[in-house]
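Let's walk through this structure together, beginning with a sheet and moving on to the helices.

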Amino acid sequence: MAEVQTHEHDVLIIGAGGAGLRAAIAASAAKVSVGLVCKSLLGKAHTVMAEGGIAAALANVDERDSWGVHFADTMRGGQYLNDWRMAEFHAKEAPACVRELEAWGALFDRTQDGRILQRNFGGHRYPRLAHVGDRTGLEMIRTLQDYGIHQGIDVHMERTVIALFTDADRIAGALAYDRERGFFHLFRAKAVVLATGGIGRAYRITSNSWEYTGDGLALAYEAGAELMDMEFVQFHPTGMVWPPSVQGILVTEGVRGEGGVLLNKNGRRFMFDDIPENYRAQTADNEEEGWRYTQGDRNARRPPDLLTRDHVARCIVREIKEGRGSPHGGVYLDIAWIRKRIPDAEERIKKKLPSMYHQFKQLADIDITREPMEVGPTTHYMMGGIRVDPETQMSTVPGLFAAGECAAGLHGANRLGGNSLSDLLVFGKRAGDFAARFARERTLGPLAADRIDAGVRRALEPFQPAAPEAEGPYAVQEELQAMMQDLVGIVRHEEEMRRAQEAIGKLKERAARVRVAGNRHFNPGWHTALDLPSLLTVSEAITRSALERQESRGAHFREDHPSKDPEAGRFNLIVRQDGAGSMRVERRPIPEMRPDLKKIVEENG
Amino acid sequence: MPGATFRIWRGDAAGGAFADYSTEVTEGMVVLDAVLRIQAAQAGDLAVRWNCKAGRCGSCSAEVNGRPRLMCMTRLSELPLEQPVTVEPMRAFPRIKDLACDVGWNYEVKKRIRPFKPRPPDAPDGTWRMAQADVERVQEFRKCIECFLCQDVCHVLREHAKHQEFIGPRYFVQVAALEMHPLDAEDRLAELGQTQGIGFCNITKCCTRVCPENITITDNAIIPLKERWIDRHYDPIRRFLGWLRLKGGAGSGP
C-alpha cells in the first residue's frame, strides 16, 4: 500500500469558506468529531471577496420586507428553476443566521436606532443586505473562523482532496495531498460535506482565485452523485477591465446600490433601453426615480442598473458589441456623478465603498470619487452544482453532503446578489447538522487499499518520465480557459459549443500527458496538473448542459434560441455518469410548487 | 515590450539563493503578475501563495526590494525597474519553499486569545443595539486581512524572535477589537502583560507603516491597550487602595 497518513473524523468537511466553516461549527455543536480540510490557509477562501452583503429579510430598514417577499424575489431572479423548498428554507432562516453572526462578534453597519443596517441590491425589492461597508465577506469569514477555532474542529490547512471513496452504498472517506510536503492523507469519515465553492478558473476572465477549479463538483460526480443546472454560470456584470493584470476582479454591485450608474461611451444610461417584461412594474422608468430609490425613498422603484445580474451583463455585452463601449472594452460605471446631488459625496463614497476606492486607486490609478470606472462582465458564480436534498443537503450518494456554491438548487437560473452569503450560512448549517446526524447513526466504512493505491499512483503520474508530446500544466489550463471563455461564455451558440465539446476531448488527452518539473515539495506546477481533471469535468458538464437547454433563460443565453421557452421552464438538467463512465445529461421535471408558496409568488408579482 | 529582471529567492528550510528571471512588463502589472508569469513559463515549481489578487485576502505577503508588501498590490510602475526587483519570503517566519513561509505560529497565537463573549441581548427578541460610532472604532481593526506583514516587520519578532513571549501587532489589533467591541464582556487585560508581552512593544510604528489596510495599529490599538493594562496594574491610587484592602484583612468585611 502507498504511504499515506490516516485521519479519522465522524464528519469531514472539504472547503473552509463560509459554507464549510458554518457546517463545521454546526457539526461540532452536535458533538461529533469534525475535520476541516482546505486548499489555502484558513480565512483566505473566496468568501473573503464578497463585498455587498448578506441578504436576509430582517426588515430593519423597511418593515414591509418579510421572508415571503425574499422568497418571491429569489424565485423570480432564478426564473423559477430554483428548488422552491430550498428557497423557502433560505428566506425563512437567513435572518436568524445573520443574528447568530452578530452573537459571535460580527459588527455590521447600524441603523439610526442601533440595529443592523440593510442596503439595496439588484433584484431585492427592499433594502435587505446586512453589510459592513464593502467588505462583508471578510467580516463573515473572520467571525466564523474566530468562533470556529474554539469549537474543537481539527483544521487541515493547505490540503487538496483528489478522490472520494465509497463503500457499497455510502461515503467512506477521501484522499488528499498536502501542498507543503506533497504527502498523501487518507481521511476516513462517516459523512463528508463538500463546500468547495465555484468553478471560475474554467474561464479566462474571472473574479475567482486559483482555488476555484470545481473540485467538489468533480469529486461528487466521480463518486456517482448527480449534478444539476450546470448550464447556469453567472457572469457578474461589473468586473475590472483595465489594466490587463486586474481584468476580472470584482466591482461590487454595492456601487450601483449607492447610486452608481452604468453609461456607454456616449454618456447614455443604456440600462433604461431594455427593461424585461417581468420586472417592468417594479423598475423605475426615469433617472430621477432611480436616484430617489438609491437614496432610500420608499415610494420609488429601483433603477434598471440594479436589475438582475444576468440581464445587466447582457446589456453591457450588447453595448460593447455594438460599438458603444469604453476604450478598453467595457462600459462606464460612474459613482462620482453623485457629487452633483449630495454635498459630502466624496466622504460618502469612501465610507460606503472603501475597498473599491482603494482597489481602483492602487491598481488602476482611478479616483472613483472623481472619475468613472471601466467595467465588464467577469465569470463569478456557479448556480449549478451538486444536486442535494433541500432539507438535509445530502447528495444522491448517501453520507455525501454539499453546501454553498458547489451545491445546486437555491438560485435556479440566476442568483441575486447577497443571496450567496446567506446561502452559505443557511445551508452550511443544515449540511453540518444533518451530516452529524448521519454520522452518529453509523460506523466508519471500510476502505479498499487498492483504490487508495490507484488514487496515489494517478496523482504521481505528472512526475513520470516525459511521455511523447508531454507538456506543462499551465499551458493546458490557459488553453481551456480561453476556449471556455470564447465558446461557452455569456452568449452561446450550438455550433460553438460543439467545437468546445471537441476541444474538451482533446484537452483531456493532453491533460493526461502533462508532466511537471521539480519534486512534491510545495510545487504549484504539480498542484495545477492535479486540478486539471476537475476543470475538465466541470467544463464538459457546463457545455453539455448548455447544448441541451435550447432556450435563453437567466444566465444562460443562446444566440440561436434567444427567447424563453415555457416548456423548458418545467425541468432542470441533471448531469451524471452512466454505467460505462460517460457523461449523461437528462431532463428532470420540476415538482409543482406548494399552493401556499405559489400564492406568495403571485402576491408579490 | 519592455522587460524587467526579478531576483526571486529559491530554496527551502535548508537554504537557498536568489535566482534571476526576466519577464516582459505590461501596463498596470503588479509584482504578483510577474511572479505568476515566471511560474507559468519558466519555473513551474516556484512556490508562492496567492488568492484574491485584490488586496483582500492577505495571502501573497513577501518582501519586495526589502520591504514587506502584498505582491498583488505592488505596482511595477512604483519600482525602479532598471535594477532587479528582489522578491523574498517574509523573514520573521520559518521558510518552507521559495516565497512560501510557515505562518502556522500566527494561527496558534490566535487560538490563545480569549474569544468574544457578548453581554446579554438588549432587546427581548435576542438582539443588540449599537451606535454606528461605537461600531466604527472597532471596524477599523476588523479590516485586518491577516497578511502578517506587521508581524514580519516587527523587530520583537524579526530580530529578537520573541515568538514565545510576544503575540505581535496583528494580535494586539485583535485583542483591541475584542476589548473595544461594544458588546464584549470578557476581560483580557491580565494576559496582555503576562503571556502576550505588550511591554516589548516600544512603539516604533513599523507595523502601522506596512499595514496594507492602513490600520493605525500603534496609535489606535497598541497604545490604548498599553494604557488600559498600565492603569490596571500600575496605577498608584489603585495600588494604594489594593494595599489598604490587603491591610484591612479578612475581618473588615465587604
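Four strands of chain A make up an open sheet, ordered E15-E10-E19-E20, with antiparallel pairing. Strands (E, at least two residues) and helices (H or I, at least four) are DSSP runs numbered from the N terminus, and two strands pair if DSSP finds at least two bridges between them. E15 (385–386) and E20 (583–589) of chain A each have a single partner strand, so one side of each lacks a neighbour in the sheet. This is a predicted model, in which local features need pLDDT of at least 70 and side-chain atom pairs count only at pLDDT 80 or more, while totals for chains, interfaces and linings use all residues. Residues are numbered from 1 along each chain as its sequence is written, chains are lettered from A and ligands numbered from 1 in the order in which they are written, and side-chain values use heavy atoms, leaving out hydrogens and water.

Within the sheet, E10 (residues 227–228) and E19 (residues 571–577) of chain A are joined by two bridges in the antiparallel sense. Here Leu227(A) lies opposite Val575(A) of E19(A). Helix H16 (residues 524–548) of chain A packs on the sheet and touches E10, E19 and E20 of chain A; contact means heavy atoms within 4.5 Å.

Now for a helix pair. H2 (residues 67–77) and H17 (residues 595–603) of chain A pack at about 80°, their axes 9 Å apart. Axes are lines fitted to C-alpha atoms, for helices over the stretch in contact, and angles run from 0 to 180 degrees between N-to-C directions. H2(A) and H17(A) are therefore roughly perpendicular (65 to 115 degrees; under 35 is roughly parallel, over 145 roughly antiparallel, and the rest oblique). Trp67(A), Gly68(A), Phe71(A) and Ala72(A) of H2(A) meet Leu597(A), Ile600(A) and Val601(A) of H17(A).
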